Structure formats: C-alpha cells, structure tokens
Amino acid sequence: MKMKNIFIGMAVALTSVFSYGQIDRSKAPVPGAAPEINIADPVVFDLDNGMKVILSTNNKIPKVSFNLVMGSDPRLEGQKAGLSEMAGSLLLSGTENRTKDQLDEEKDFIGAYLSASSSGIYLSVLTKHMDKGLDLMTDVMKNASFPESEFERIKKQFESSLFSTKSDASSMMSNAMYKAVFSDEHPYGEVMTEETLNNIKRQDVIDFYNKQFTPAGSYLVIVGDIEVEQAKKIANERFADWEGGVPYEKEYNHGIKPNGNRVIFVEKPGAVQSVISIAFPVDITPGHEDHIQLSVLNKLLGGGGFGTRLMQNLREDKAYTYGAYSSLNINRKGSLLSATGNFRNEVTDSAIVQFLYEFTRITEGLPTEEELELNKASMAGSFARTLESPRTIANFALNTYRNNLPSDYYQTYLKKLSKVSDADILRMGKKYITPNNLNIIVVGNKEVLESLKQFDADGEIEILDAFGNPAEEINYAPADISKTEVFENYLMAVTKTSSMKKAEKKLGKIKTLKKEATVIPDGTPMELKMTTYFQAPNTNATKMEFNGMVLQQEIFNGTEGITKAMNQTGGSDITKYTEEEIIAKKKTSAAFSEYSLLCNTEDVELLGIENKDGVDHYVVQYKLGETTTTAYYSKETGLKSYTNSLEVTEEGPQSITTIHSEYTDYKGYLFPKKTSQVVESMSMTSTLNAVEVNGKIDAKVFEIK
C-alpha cells in the first residue's frame, strides 16, 4: 500500500512539472523571503534559592518532562580526570531512601524515563504519574548516596571502557584531538586513564556531587502537559527548599593554535586505514555575531550531505573515502572546528593534501551562489524541523539565558541565515582559519609515519598514546626466569601442584573438559550461554546460545576446523579454517593452552617484566598465523592476568583484550571465574558457572558438517 502511494505521488509531481513547462536547471532557484518565526515566549520565573524555571506548555500529549541543568562551569580534575563522568554514571545508583533496584522498579512501574549526568537530571513521565516521577527525581537530586558496591561496579565498567579505547580508533582520535586543541590546562583536554581512574575514590564522587549539584545558578526546564500555576506550585514545593553553595565559575584558555602545522600520530597496530582529523580552536562563543555565518562556512565545507566541498573532493572526485566531514563545536568554555575521514593507508598523505587544499581554498575565494544557497537551504530546513518539538522551544529559552543571547535570537535566526553572503563566508574563512596553524592528527599503522613528516612545520611528529598523552616506549625489566618456566609456573598454579612432574601427571588425567558460562555484553540486558568442550589430545569446540538458539559455534577436530554463525535467514554461515589457522590451533589446543605452547616455545618470546596495576608480570608474546598474542603472568602467583590478541585481516586489525580474574577451584583445577573481554569497541563479561572434568561428551559436538 505504501509503495502504491509513493508511485501516485511521483505521478502527480511529474504531471505538475510538464503541465507548467520545463524548469531552467542552468540557474539556481531564487531563494524566497525568509519566513517569520512565531515562537511563543516561555514562562520564566525564579525561585528564592537561585534556580531559574523555564516553562513551555504543550497539551497535545499527556506527558511532561523536567530537565534540571546545573549552572557550574566544568572543573579541572588533574590526577583524577574522569571524576565528573564517573559521578554522573553513579547518580542513579541509589539514594538514602531507595536502592538502585528500587529506583529502577519504581521508574519502570510508571513507565518513566529518568537519566542523569554530571551536569543534571532529566525526567519524562506521563502527566498522571508526574508526582511519583518527581518523587524519584528530587530524591536523586537531594539524596544520592553512591553505595560502595555500585562505585566498584561502575569502576569496573570504566576499566573495560578504557581497555576498549586502546583499540578504538575513533576514541583515540577524539582524545588526541581535544588534548591537542585545549591541552591539560582545560577541562575539555582532560582524558581519563587507568591511572586517573584508580585515583578516584568514593569520597571524591560524593564531594563532587555536593559541590556540583546546587540550586544557585541552575535551570529547571519544564515542557509538556502542565499549566503555569501547577508548574509554579510544583517548583516551589519540590525544588525551592533545596539548598546548596554558589555555582563554580572559571575561565580557561579558548584553545591553543600551534605555531606552524603540527602533526600528531597515534598508533593502531595493523590498521589498514588511517583516521585523519584536521582540528583547530576558534575563538567564538554561542550567540556571537559570527556564529551563524561561521556555521554556514562549516556546512559548506563539510557539515553533512553530498554537496559539501570535502565530500565532492575526497569522495566523489578522488574516491579516497566513503565520507569526509567537518564539524563546528561551539561551547561556552571553548570551541573548535575539525574535519575528519577514514582513508586507506596508501592515500593517507594524499588525503591530507586535499584537506589542506580545501582549508586554504575557503580562505582565498568566494563560494559559488549555487553551493551557498544549497547549504543555507539545508540549514534552514533542519532548523524548521527542530521547531516541531516542544522541547526545542524550552531549550531555546535555556540557551538564551545561559549564553546571554538577544531575546529575539531564535525568532530572527532564519532572517540572519538568509542574509549570509559569499563575502561573509570569505570573511569568516580569513578570520578564523589559518591554514598553516593546524593540528593534523592521524590514527593508524606506523607504516604511514614517514609520509607525514612533510606536513609538520618542523618535520617532527609527536607520538601520542590512546589517551592523548606522550607515548612511552615500554621498558621491560629483565626477566629472572625463562619463558619455559613462566608456562611451567602457570601450569603448577592451575593444577595446584608443587612441581612440573606432578603438574604433568595431573594434566594427563584430563581426558575431557566441559565448561559452562554466562556471558553478558556490557550495556545490554542480553544474557548468553557459552559452553566450551575439550577432548584429549587436541579436539575442542565452543557454542554460544541465546534462549536456546545457537548463535555461533567453533569446532576443531584435531585436523580441520570451522566457524558457524547464524545468519539473518535463520541458517548458518560456515567458514573453514585456513591452513595457517589449523597450524595455530594445533599449537594451542589443550585443556590449558600453555601446556601445548610448552612444546612450541620457538614461537614464544619472553619480553621481560612489566608492572601492571601495581603487580609485576612476566610478559610473553607469540605469533601464530596472523595473530599476535601478548600474555601477562603474575610474578607472585604464576597465574595469567591479561591477554592481548591482535589479528590482522583483509578488513583490518581486530584487537581483543581479556582480563582473567577470581581464579576458583573446580574439581582440583583453577579456572578464572570472571573473564572480561573487549573486542574493538565492544565489551562483555563472562562468569563461569560449572566445570565438568572427564564427563561424557557427545561425539556430535565435534562433528564438522
């Protein structure tokens, strides 16, 4: 039916065109007059405690939202970078009156949406459940308790996220870019690391909450099915008695332009693509007289759509990428303009040449009338669509008060946009863009390094790590034992024996092994069941299920192997092991892979001793096929704590980081109860539920078909 309506609409449109003559497509359409925008003024009033309330009534839907926004400026966190982010994540973890589970249950019961961050709390609820929803919101606002158990749980989540960052090119790029533009002396340039996370204590979170969440200087934006008198009554009864200190105010640098073009490189081992960002600060704040004109320049340069200069050049003309974009981020405490894209290694330097060309071109010549009007029309359409949301009107009022904008700023937006001329674009380019003072940031394979030197003013490239800090070469302390002894110590530890002879005897008794675990992808309610099987000498299989459905299987029968994955039709896609994968599997297939590696130590290198999280570890590295594995074994216990695997494929590198913890005795053998795994930007936690040694395993488990 929908398809039929589409064809009818097309027919009507075509009839209209041919009825009134052909359109002269050699000329750009003449823009019409900018429409008048009639935005109803919101109701604004102040509470005695310093809170400003902004109300936008809309009775079309029986829902109402309350958006509480704090008035404090961001704080420098130094050695505890990430504190605000962690505090925001913990706000809904419980109050003095409710546990986290009770908060969740009560919220779900009334169908409310309740979220929180370091800068505020947001509630959306049906009007009939408004009082109950406000009970929850104000309880969090005044009485957040930050339980120790929740603090530790959230900290573990951040640890997983930090591991993920090390293999996520987008996160690496973002960290390096903000560090480069704003530095460590600005909150925007601070990045959480493993070290700063470990410095954060529960009391730090409580102190942050007490300082940040204060009514003075804050804003309460109310939108929806609620009248003025009721809103005033609620604001006075629910929020006026809230007390706190004065909001924090601080001025920071507005970004630092480099002296000459500056090249920054972040290594992503094995990458087949480079992520490139050209970024620099722009000294402008929200509502500045140049804001709209500079926004048009950004839209024309690469701010979305196929009609932008970056897309036309780097995608349509050069075919270097699927997409190249620019972004203008204007904030109260610092603003920047950046251009980004993903490019094949072999065209990394060529892509940078074109980025620099486009930045230079926009400072030297006028845009065409056609491209200017096309992008202005796109911006006008986007703005008009935002007016359909009642929340937009209230946010306009919020921005007006927070940023000291003229009272008619949004009412006159389209008129100002329509008046932006080609001369304005050239003037903005000359004023804000200096093509020889840019940060050129590349995340990728070190094979592109040499080609980047030509772009740096001094010919020297800065190497940063995944968190935007100067990369430090790992200096391993000399190992005091051999690589063979590292594996032997591990095997003695997991078999709970005092000599390798006893360990081998105990390992030899394992004829079959079956392990069952629950796997939960972080951030989802999904619960998977994973079963792994082993049969001596080197046969193994893994099965992943969800609600009885087999999602994925991996089977190796000692001579050949396959991977089976469920496809969208309900069938399975089967991939056979390559010869290299079969050889690699043979070298690691055992109840404990270290037992097999003992027979293949020619593939193994002992790098030395590294202190990781305050514990000395022996670091062992081996390459099997296209996969390089680095494993960390505790010097004190002999047990394996971490594993990093990097597999290089035609599609690019796949990085997997695994944390092994809570070793538990199962049938006289130690296995990690908890295994946290990060695959690129995804993470999951596995909990071992049962281990069966020398039980009967159905032979069909190992059948390859």
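**Packing and aromatic pairs in a predicted model**

Me: What does the cover of the buried residues of α16 include?
Reply: The model is predicted. In helix α16, which spans residues 422-432, the buried residues are Asp-424, Ile-425, Leu-426, Met-428, Gly-429 and Tyr-432. What covers them includes β8 (273-281), α10 (291-302) and α13 (369-386).

Me: How many aromatic pairs does the structure hold?
Reply: A pair of aromatic rings is described by the distance of the centres and the angle of the planes. Ring centres have to lie within 6.5 Å to be counted. The number of aromatic pairs in the structure is 18.

Me: Is the pair of Tyr-490 and Tyr-633 stacked or edge-to-face?
Reply: The ring centres of Tyr-490 and Tyr-633 are 5.6 Å apart. Their planes stand at 70°, and an angle over 60 degrees is the criterion for one of the classes. The pair is therefore edge-to-face.

Me: How many residues apart in sequence are the parts that Tyr-490 and Tyr-633 tie together?
Reply: Both tyrosines, Tyr-490 and Tyr-633, are buried. Tyr-490 belongs to helix α18 (residues 483-495), while Tyr-633 belongs to strand β21 (residues 627-634). The pair therefore ties together parts whose separation in sequence is 143 residues.

Me: What is the angle between the planes of Tyr-632 and Tyr-642?
Reply: Tyr-632 is in strand β21 and Tyr-642 in strand β22 (residues 640-649), 10 residues apart, and their pair links distant parts of the chain. Both Tyr-632 and Tyr-642 are buried. Their rings are 6.1 Å apart centre to centre and form an edge-to-face pair, with the planes at 90°.

Me: Which residues do ring pairs link into a cluster with Tyr-490?
Reply: Tyr-490 pairs with Tyr-633, with the ring centres 5.6 Å apart. Further ring pairs extend the group. Together with Tyr-490, the cluster holds Phe-487, Phe-592, Tyr-633, Tyr-666 and Phe-671.

Me: Is the crossing of α4 and α9 left-handed or right-handed?
Reply: Helix α4 (residues 130-143) packs with helix α9 (residues 228-239) at an angle of about 35°, and the axes are 11 Å apart. The crossing of α4 and α9 is right-handed.

Me: How many charged residues are in the contact of α4 with α9?
Reply: The α4 side includes Met-130, Asp-131, Leu-134 and Lys-142. From α9 come Gln-230, Ile-234, Arg-238 and Phe-239. By class, the contact has 6 nonpolar residues and 2 polar ones, and the charged residues number 4.

Me: How far apart in space are Leu-162 and Ala-466, C-alpha to C-alpha?
Reply: Leu-162 is in helix α5 (residues 148-165) and is buried, at 6% relative accessible area. Leaving aside neighbours within four places in sequence, its contacts are Met-192, Thr-193, Glu-194, Leu-197 and Phe-467. Leu-162 and Ala-466 are 304 residues apart in sequence, and the C-alpha distance in space is 9.3 Å.

Me: Is Asn-403 buried or exposed?
Reply: Asn-403 is in the loop between α14 (390-402) and α15 (413-418). Not counting residues up to four places away in sequence, Asn-403 touches Pro-286 and Arg-332. The relative accessible area of Asn-403 is 18%, and the limit is 20%, so Asn-403 is buried.

Me: Which residues are joined by a cis peptide bond?
Reply: The loop between β14 (528-535) and β15 (539-546) contains Pro-537. Omega is about 5° for the cis bond, which joins Ala-536 and Pro-537.

Me: Is Lys-667 buried or exposed?
Reply: Phe-146, in the loop between α4 and α5, has a positive phi of about 50° although it is not a glycine, and at 2% relative accessibility Phe-146 is buried. Lys-667, in the loop between β23 (652-666) and β24 (669-679), has a positive phi of about 55°. At 59% relative accessibility, Lys-667 counts as exposed.

Technical notes:
Residues are numbered from 1 along each chain as its sequence is written. This is a predicted model: local features need pLDDT of at least 70, side-chain atom pairs count only at pLDDT 80 or more; totals for chains, interfaces and linings use all residues. Side-chain values use heavy atoms; hydrogens and water are left out. Rings of Phe, Tyr and Trp (its six-membered ring) pair if their centres lie within 6.5 Å; planes under 30 degrees apart count as stacked, over 60 as edge-to-face and the rest as tilted. Helices (H or I, at least four residues) and strands (E, at least two) are DSSP runs, numbered from the N terminus. Buried means under 20% relative accessible area, exposed over 50%, partly exposed in between (1.4 Å probe, protein chains only). Axes are lines fitted to C-alpha atoms, for helices over the stretch in contact, and angles run from 0 to 180 degrees between N-to-C directions. A crossing is left-handed if the near helix is turned anticlockwise from the far one by less than a right angle, and right-handed if clockwise. Contact means heavy atoms within 4.5 Å. Ala, Val, Leu, Ile, Met, Phe, Trp, Tyr, Cys and Pro count as nonpolar, Asp, Glu, Lys and Arg as charged, and the others, Gly among them, as polar.
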